[in-house]
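This report describes selected features of one protein chain. It is meant to be read with the sequence and the model in view.

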Amino acid sequence: MAGPSMCSLEEGIHRQSWFCVLNLGTLPSCSYRVLSPRSLMPGRLELEARRAGGPSVLAGVRKDVLVVTPWLAPIVWEGTFNTDILNEQFRLRNTTIGLTVFAIKKYVAFVKLFLETAEKHFMVGHRVHYYVFTDQAAAVPHVALGAGRQLSVLEVRAYERWQDVSMRRMEMISDFCERRFLREVDYLVCADVDMKFSDHVGVEILSPLFGTLHPGFYGSSREAFTYERRPQSQAYIPKDEGDFYYLGGFFGGSVQEVQRLTRACHQAMMIDQANGIEAVWHDESHLNKYLLRHKPTKVLSPEYLWDQQLLGWPPILKKLSLSAAARGSGRAAGIPVSFLPLVLAELVKSASFLRPVESNRSLGPAPTSNHTPLPSPPPPPPQRHDYIHRHTHT
């Protein structure tokens, strides 16, 4: 019996790289351990795909932004995936996607717009189960849903402070993963309710574990990230560590991975509470710590959540999938929770007496890309953030 045919190292690299091209371009996760480092060079993936005899799936890959993390997870931008191929793959699997939002107290006013725009743009053509956590079940409006899409209203208690609602979200999601989500859906997406969908958000985001780059800190140096810097907190990240700053308002993955994430964050917050400390940005601080220690298998670009009113429209944006709901009217108007770190940082930046003392200490390189970085706001002073929160969310 003849043994397996032998191939050169170069041929093996090409075959492995083509396998990973398919994963990066058309599958929900990437087996990146076999990817040749040379294939990360500009144009290399396309060249190796052609040598392997495959189609030119990467003809439109972005060259103006970072599209792969240092640990070789794809960063999803418009133009880096094939929607038709992905849709077919997930339809064959009969995938069901869960989408959770928390509509506590005044935030129930955002549910209607959130659901109506999700019906137009979120996972169109796939089975979707919306989960609305609220303390006002009767106030959740009726929204017409498409075929294969359903809504469950989950009653939970309200908390006096919005910070407590934000932090307890991790506990509630973890609990319901065990009680319902593991049986009802394949993937879980966790979003803030004070947002609206403006463009396509589809199965290209799905992966065992994904996070979203915070638009206010994309391209910023590590020292500008508003991580928790106090060693007493479980969310503590030293100044010489950090990959990206992730948004607390849009993350997810498989139900199993989301359960691990939310359970770990909740446990860390309970330890902090017992020690009399609260992370500077609450659950978002703990999310960033978790994703630093447990690297996401996919990272979403700022195209997936952006605020044009606060940040303008830089040329790197090819679409805008999620944005802040309209402000200035209604009792729930105000600054979206997800953008508070940025807003406060800009307030601090404009106040010269609050600027931190400059340091000559090198913090080491942070992930970079070829685009022009957005302005890098300094981290906010912890002693002032509660003031801003109280006056924008009460």
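The model is predicted.

**Annotated positions**

An unreviewed UniProt entry carries the annotation "binding site" for Phe102, Ala103, Ile104, Tyr107, Asp192, Val193 and Asp194. These positions are spread over 93 residues of sequence, yet they cluster in space, with a largest C-alpha distance of 11.2 Å. The annotation "binding site" in the unreviewed entry also covers Asp192 and Asp194.

Asp192 is found in the loop that runs between strand S5 (187–191) and strand S6 (195–197). Asp194 has its place in the loop between S5 and S6 as well. Asp192 has a relative accessible area of 12% and is therefore buried, the cut-off being under 20%. Asp194 counts as buried too, at 5% relative accessibility. The side chain of Asp192 makes a polar contact of 3.3 Å with the side chain of Arg169.

Phe102 is part of strand S2. At 11% relative accessibility, Phe102 counts as buried. Leaving aside neighbours within four places in sequence, the contacts of Phe102 are Tyr107, Phe133, Arg169, Met172, Ile173 and Val193.

**Helix H4 and Arg149**

Helix H4 spans residues 111–121, and its buried residues are Val111, Phe114, Leu115, Thr117, Ala118 and Glu119. An α-helix has 3.6 residues a turn, so residues three or four places apart point the same way. The buried residues of H4 pack against strand S2 (96–103), strand S3 (127–134), strand S4 (149–155), S5 and S6. Met123 follows H4 and has a positive phi, near 50°.

Arg149 is located in strand S4. With 11% relative accessibility, Arg149 counts as buried. A polar atom of the Arg149 side chain lies 2.7 Å from the backbone oxygen of Phe122. Not counting residues up to four places away in sequence, Arg149 touches Ala118, Glu119, Phe122, Met123, Val124, Gly125, His126, Val128 and Tyr130. Among these contacts are Ala118 and Glu119, two of the buried residues of H4.

**Aromatic residues**

The model contains 17 aromatic pairs. One of them joins Phe244 and Tyr246 in an edge-to-face arrangement, 6.2 Å centre to centre and with 70° between the planes. Both Phe244 and Tyr246 are buried. One aromatic cluster is formed by Phe102, Tyr131, Phe133, Phe176 and Phe181.

In two places, the charged end of an arginine sits over an aromatic ring, as listed here.

| Arginine | Ring | Distance from ring centre |
|---|---|---|
| Arg93 | Phe90 | 5.1 Å |
| Arg179 | Phe176 | 4.2 Å |

Phe176, which has the charged end of Arg179 over its ring, is also a member of the aromatic cluster that includes Phe102.

In soluble globular proteins, nonpolar side chains tend to be buried together. The largest nonpolar core here has 40 residues, and Phe122, Ile205 and Phe250 have the most contacts inside it. At least two residues of this core come from each of helix H3 (83–92), S2, H4, S3, S5 and S6. Another core, of 38 residues, lies apart from it and has Trp71, Ala73, Val156 and Ile173 among its members.

Neighbours within four places in sequence aside, Phe250 is in contact with Val189, Cys190, Ala191, Val201, Ile205, Phe210, Gly211, Thr212, Leu300, Leu305 and Leu322.

**Glu228**

Glu228 is found in the loop between strand S7 (209–212) and strand S8 (250–254). Is Glu228 buried or exposed? Its relative accessible area is 2%, so Glu228 is buried. The Glu228 side chain reaches the backbone nitrogen of Val280 at 2.7 Å. Not counting residues up to four places away in sequence, Glu228 touches Ser233, Ala235, Tyr236, Ile237, Glu278, Ala279, Val280 and Ser285.

Methods. Residues are numbered from 1 along each chain as its sequence is written. This is a predicted model: local features need pLDDT of at least 70, side-chain atom pairs count only at pLDDT 80 or more; totals for chains, interfaces and linings use all residues. Side-chain values use heavy atoms; hydrogens and water are left out. UniProt positions are given in the numbering used here, feature names are shortened, and annotations may be inferred rather than shown by experiment. Helices (H or I, at least four residues) and strands (E, at least two) are DSSP runs, numbered from the N terminus. Buried means under 20% relative accessible area, exposed over 50%, partly exposed in between (1.4 Å probe, protein chains only). A polar contact is a pair of N or O atoms within 3.5 Å; within protein, one must be able to donate a hydrogen and the other to accept it, and residues adjacent in sequence count only if both atoms are side-chain atoms. Rings of Phe, Tyr and Trp (its six-membered ring) pair if their centres lie within 6.5 Å; planes under 30 degrees apart count as stacked, over 60 as edge-to-face and the rest as tilted. A charge sits over a ring if NZ of Lys or CZ of Arg is within 6 Å of the ring centre and within 35 degrees of the ring normal. Contact means heavy atoms within 4.5 Å. A nonpolar core is a set of buried Ala, Val, Leu, Ile, Met, Phe, Trp, Tyr and Cys residues joined through side-chain atoms within 4.5 Å.
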